[in-house]
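Dear colleague,

I am passing a structure on to you with this message, and below it you will find a short account of what came out of looking through it. Please keep the structure open while you read.

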Amino acid sequence: MIQLEHVSKRFETGKQTVEAVKDVSLHIEKGTIAGIIGFSGAGKSTLARCVNLLERPTEGRVIVGGSELTALSGRQLREKRKKIGMIFQHFNLFASRTVYGNVAYPLRGSGRSKKEIEDKVKPLLELVGLSDKADAYPSQLSGGQKQRVAIARALASDPEVLLSDEATSALDVSVQAQIIGLLKRLKEERELTYLFISHNLSVVRYISDRIGVMYLGNMVEVAETDEIFSDPRHPYTIALLSSIPTTDPDSLTKERIILEGNIPSPIKPPSGCKFHTRCFMACDKCKVVPPTLTEVKPGHFVACHFAEQQKVDAEGNYLFDVKVATNQRKE
Ligand code: SF4
């Protein structure tokens with residue numbers, strides 16, 4: 001349903017160039033959810049905005065539902081965009097419009113009569129549990145209710161794809177769970193395809209079928225959700241996962257791995273592997289040679305020179321030890 005082929009996005013700021021997304025390829029099957037994780041500055045939001053061409057990629061092709069968006073004319077693109085809904089962290093509702101007015105907004109100019117718009121909006125409000133708030137204004141709603149309005153509005157033009165950019169991040173935990181539950185239910189009922197961006201690993205784990213991990217504009221690991229959590233191969237993924245609190249004695253990384261240093265500037269990213277300045281496994285080769293995203297197991301792709309190293313012994317015991325790995329690399 002969504003296919004990104006070697007997508008890059010560069011921003012020119014004066015004499016400087018920021019490479020926000022670098023050569024990302026991704027395939028998301030219809031009716032599935034792809035989660036993208038990584039800390040801020042990873043390029044997650046820019047990648048989402050490249051899918052509906054709110055940001056036009058500097059290089060690469062974007063194909064949604066069989067149409068190559070990057071090859072469409074302005075008018076064709078506007079039509080196609082109606083099939084791609086988007087929800088954000090800050091809801092982006094019109095303060096001067098009621099809940100009903102906000103949800104009906106995308107239907108303006110669609111040639112529908114007032115009655116037809118009403119027949120469309122009312123079931124959507126019911127779907128998101130806000131039938132009794134139709135006449136309320138955004139200022140009268142809680143954060144969870146505002147996000148429900150945003151979801152109903154995104155569904156008004158019957159999208160096939162929903163891009164969710166930190167849509168649950170501003171909500172408290174219990175409301176977050178309700179919105180995630182709603183998104184999952186909508187996916188099943190409407191056969192939607194999601195690109196789900198979040199820095200919250202637990203949320204992404206719960207909702208996603210597949211996960212991509214981004215660092216400084218690069219996709220560094222992609223695999224099925226269970227595979228990422230049971231056999232992470234990229235050191236950045238291993239460090240990210242180690243930050244999730246666990247009481248599981250079999251957890252792969254029992255100790256939290258604190259990455260050294262700050263995230264480098266995307267204006268002047270490190271040479272070779274962009275992660276080498278913070279990687280606990282880095283060696284001289286990493287400073288010079290950028291790793292390519294390679295399939296190390298069926299459907300499991302990793303961009304690391306050491307991704308194929310065996311990490312589990314014949315009995316299934318995890319062999320990885322951060323301190324040993326660090327010492328070995330320094331020898
Ligand atoms: Fe670390 Fe080297 Fe792998 Fe990059 S290529 S993640 S620096 S071990």
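To begin with the ligand, 13 residues lie around it, and among these Cys-273, His-276, Cys-279, Cys-286 and Cys-304 come nearest. Please bear in mind throughout that this is a predicted model. Sorted by class, the shell around the ligand is made up of 10 nonpolar and 3 polar residues, with no charged residues.

As for the overall layout, the protein is divided into domain 1, covering 2-213, and domain 2, covering 230-328. The centres of domain 1 and domain 2, taken over C-alpha atoms, are separated by 31 Å, and where the two meet, 10 residues of domain 1 are in contact with 10 residues of domain 2. On the side of domain 1 that touches domain 2, at least two residues are supplied by each of β2 (16-28) and α7 (201-207), and the largest share, 4 residues, comes from β2. By class, the residues of that side of domain 1 divide into 6 nonpolar, 3 polar and 1 charged.

The last point concerns helix α9 (residues 235-242), which is largely enclosed by the rest of the structure because 7 of its 8 residues are buried. Those buried residues of α9 are Pro-235, Tyr-236, Thr-237, Ile-238, Ala-239, Leu-240 and Leu-241. The elements that the buried residues of α9 pack against are β3 (33-37), α7, β9 (210-215), β10 (218-224) and α8 (225-230).

With best wishes

Conventions. Residues are numbered from 1 along each chain as its sequence is written. This is a predicted model: local features need pLDDT of at least 70, side-chain atom pairs count only at pLDDT 80 or more; totals for chains, interfaces and linings use all residues. A residue is near a molecule or strand if its C-beta atom, placed from the backbone, lies within 6 Å of it. Ala, Val, Leu, Ile, Met, Phe, Trp, Tyr, Cys and Pro count as nonpolar, Asp, Glu, Lys and Arg as charged, and the others, Gly among them, as polar. Domain bounds come from an automatic or database domain assignment. Two residues are in contact if their C-beta atoms, placed from the backbone, lie within 7 Å. A residue is buried if 20 or more other C-beta atoms lie within 10 Å of its own, exposed if 12 or fewer, and partly exposed in between; C-beta atoms are placed from the backbone.
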